[in-house]
Amino acid sequence: CSPTTNTLESLVSINSHIQNQDGAIGILSYSQKKFGITLTESWYEKLQRWEEALGAYEKKMKQDPSSKEAFLGVLRCRFSLGDWERLNQEATARWDAFDESVQRSAASLACASTWAVNDFEGMCKFVQVLPESTSDGSFFRAIHAIHLHQHHLALHHIQMTRATMDTELTALIGESYSRAYIPAIRVQMLSDLEEIMEYAQCDAGDDGKRERIKRSLTLRLKD
């Protein structure tokens with residue numbers, strides 16, 4: 001009796017969730033050899049085989065340009081590969097082809113790409129569909145406000161992000177330290193943003209303070 005696709009996907013998801021990639025790969029390898037199971041795009045993604053997942057999603061998107069699963073899958077893969085330029089291009093080119101629910105799912109990925117390529121006009125567009133009450137919504141609004149030198153507004157969004165992240169981080173640490181790693185990095189980034197604002201607001205003659213902040217940020221980036 002061969003396992004169903006849903007059963008296999010559940011087993012892969014469980015093993016991926018607990019960071020047991022070897023177990024997930026073993027399940028699929030055995031299923032391929034024993035039952036002739038064909039891997040789907042989402043399985044490649046769960047296994048963090050990003051290049052293969054990207055190729056599968058791109059093939060699916062060529063077959064059906066209106067597929068929201070393919071569109072979001074391509075963005076997730078490019079995000080994980082750090083391909084910011086192409087991610088930004090894909091999000092910008094196809095943004096208006098999808099409804100707001102799909103845009104909301106894509107917005108955090110799109111905003112990250114705009115930040116990486118200094119496309120703040122694009123960030124302004126993408127962030128509009130993210131609720132301000134979410135950590136992503138307030139985080140990217142803070143970045144955009146800093147770009148516009150709206151420091152009081154940026155501080156408001158930083159404080160909102162930190163309050164939301166505190167709750168999220170506490171919950172994730174209870175599940176797994178590895179799952180809490182990325183949110184913990186973002187919490188550190190909030191402090192970096194505050195220092196960037198402090199640097200920008202230094203008096204023209206306060207070179208000592210500017211140098212201290214610059215040195216602190218440089219050392220942290222090296223780490």
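**Exercise 1.** In which helix is Ile182 found, and is Ile182 buried or exposed?

*Solution.* The model is predicted: local features need pLDDT of at least 70, side-chain atom pairs count only at pLDDT 80 or more, and totals for chains, interfaces and linings use all residues. Residues are numbered from 1 along each chain as its sequence is written, and side-chain values use heavy atoms, without hydrogens and water.

Step 1. Helices are DSSP runs of H or I with at least four residues, strands are runs of E with at least two, and both are numbered from the N terminus. Ile182 belongs to helix 11, residues 181–200.

Step 2. Buried means under 20% relative accessible area, exposed over 50%, and partly exposed in between, with a 1.4 Å probe and protein chains only. Ile182 has a relative accessible area of 59% and is therefore exposed.

**Exercise 2.** Determine whether Trp43 is buried or exposed, and state how far its C-alpha atom is from that of Ser13.

*Solution.* Step 1. Trp43 is located in helix 3, residues 41–46. Its relative accessibility is 0%, so Trp43 counts as buried.

Step 2. Trp43 and Ser13 are 30 residues apart along the chain, and their C-alpha atoms are separated by 8.4 Å.

**Exercise 3.** Describe the protein as a whole: how many helices and strands are there, and what share of the residues is buried?

*Solution.* Step 1. The protein has 12 helices and 0 strands.

Step 2. Of its 223 residues, 38% are buried.

Step 3. Where contact means heavy atoms within 4.5 Å, residues 24 or more positions apart account for 48% of the contacts with a separation of 6 or more.
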